[in-house]
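Subject: Structure for you to look at

Hello,

Here is the structure I promised to pass on. Please open it and keep it beside you while you read my notes.

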Amino acid sequence: MSTTEAQDTTKSETTPVGEDSAVKSRKDRPTGSTHFGDADWDEERPDEIGDATWGEVAKACCVHDAKEWGKIFVGACGALFFLYFFLFALELLGNSAKVLGGCRAGGLLSDETNPVAGLVIGELATALIQSSSTTTSIIVSLVGADAVSVNSGIYLVMGANIGTSVTNTIVSMGQMADGAQLERAFAGATVHDIFNLLSVAILFPLEVISHYLYHLTNAMLPDSVGDGEKWEGPIKKIVSPFAGRVLKANKDVIKDIATGKVENCDAYYPVLCLDGIEDYKHCASKCDKDAGEEVGVDCGRVGLITCDKTTGCPAFFQNGANLHDDSISGGVCLVLSLFLLIVCLMGLVNVLQRGLAGMSTRIIYKATNV
């Protein structure tokens, strides 16, 4: 290829969106290159994609006029907007699942000597509350309280890693509007599922035979252990306060039922706030039984939905609510979160597609194939 032809190819394959809108097929381009958004986009095979230079990638990504930079800025803001509410919808989905399945999950998480049963219990508990981190944290608390043995806790955590695969499958279903996108999204979710399943398939029999994880944790444990601070990820810090204003699940219900502190969720109802004031101090503060404090006199009582010290009581919290009321609130939030999840996924995909529209496959392949 001559220098003039190479320059024409580079110019054609980095043409900004809108300047080559009439051309929608690689057959109509002198260079024969496929651009994102073409009608025959899916017809190009990987071995047909040419090799671009990093100079072409840099030019396509960084060389724009003021109008194009404005469009990029708006697109980036739109992507961040949909991404934030996508994470918000996931957090709300987890809170809703904890409210709906908290009582059942608490009954499942108990000490179990059968390794296979422990694995299945971990799967079911995570599928019910849609949060492997919550299930794992509860298991760790139960092990620390001697309610569950370390051996049983290992199998429960393995099951939690399989149960969390339900969430990515739900997310992939948000692409049902486009068959091709659904196929790719479901394939990506399946990769996560297979990874977790294969990991457990290898580690589970090894643990049953040798108990190597149990011995390894004993070797890692220091001579003395002190109380530490709970680590919270930066994304959770950004999303949780907003989600907590809508619905906040009471994790203590799951722990108390699992440890046998209470028999069922009826012990938490009806919800009671002192003087009818709905805030953390009057509703969710715990009684000091050693000091002789009583529920309804010195402290309030909350059920599956609780209040937060910082943000207060969520929108779906209700003084005097019973178990049925909280279950309805959890169901409404579950439907709302699924709807918001699908809308945000569609919006995020649309924004990203618009941002890549007109970009040559050579440029995209070079930038992503590092």
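Start with helices α4 and α8. They pack at an angle of about 145°, and their axes are 11 Å apart. Keep in mind that this is a predicted model. In general, two packed helices are described by the angle between their axes and the distance between the axes. The crossing of α4 past α8 is right-handed. On the α4 side, look for Pro115, Val116 and Leu119. They meet Val200, Phe204 and Val208 of α8. By type, the residues of this contact are six nonpolar, no polar and no charged.

Now turn to α7, which covers residues 165-172. The axes of α7 and α8 come within 9 Å and cross at roughly 175°. Angles over 145 degrees count as roughly antiparallel, so α7 is roughly antiparallel to α8. From α7, the contact uses Ser165, Asn168, Thr169 and Ser172. From α8, the residues include Leu182, Phe186, His192 and Asp193. This contact of α7 with α8 divides into four nonpolar, six polar and one charged.

Beyond its neighbours within four places in sequence, glutamate 123 contacts Gly159, Ala160, Ile162 and Gly163. Asparagine 161 is 38 residues away along the chain, yet the C-alpha atoms of glutamate 123 and asparagine 161 are separated by 7.4 Å.

Next, the cores. In soluble globular proteins, nonpolar side chains tend to be buried together. Here the largest nonpolar core has 26 residues. Which members touch the most others? They are Cys283 and Phe317. Helices α3, α10, α11 and α12 each supply at least two residues of this core. The largest share comes from α3, with three residues. Look at phenylalanine 317 in detail. Leaving out residues up to four places away in sequence, phenylalanine 317 touches Val271, Cys273, Glu278, Cys283, Val302, Ile305 and Cys307. There is also a second, separate core of nine residues. Among them are Ile121, Ile129, Leu156 and Ala258.

Last, some backbone details. Most residues other than glycine have a negative phi, and most peptide bonds are trans.

- The peptide bond from tyrosine 269 to proline 270 is cis, with omega near 0°. Proline 270 lies in the loop between α11 and α12.
- Aspartate 275 is in the loop between α11 and α12 too. Its phi is positive, about 60°, although it is not a glycine. Aspartate 275 counts as exposed because its relative accessibility is 72%, and the cut-off is over 50%.
- Histidine 211 has a phi near 55°, which is positive in a residue other than glycine. Find it in the loop between α8 (179-210) and α9 (212-220). Histidine 211 has 28% relative accessibility, so it counts as partly exposed.

Best wishes

Key. Residues numbered from 1 in each chain as written. Predicted model: local features only at pLDDT ≥ 70, side-chain atom pairs only at ≥ 80, totals over all residues. Heavy atoms only, no water. Contact = heavy atoms within 4.5 Å. Core = buried A, V, L, I, M, F, W, Y, C linked by side-chain atoms within 4.5 Å. Buried < 20%, exposed > 50% of the residue type's maximum accessible area, 1.4 Å probe, protein only. Helix = DSSP H or I, 4+ residues; strand = E, 2+ residues; numbered from the N terminus. Axes fitted to C-alpha atoms, helices over the stretch in contact; angles between N-to-C directions. Parallel < 35°, antiparallel > 145°, perpendicular 65-115°, else oblique. Nonpolar A, V, L, I, M, F, W, Y, C, P; charged D, E, K, R; others polar. Left-handed = near helix turned anticlockwise from the far one by under 90°.
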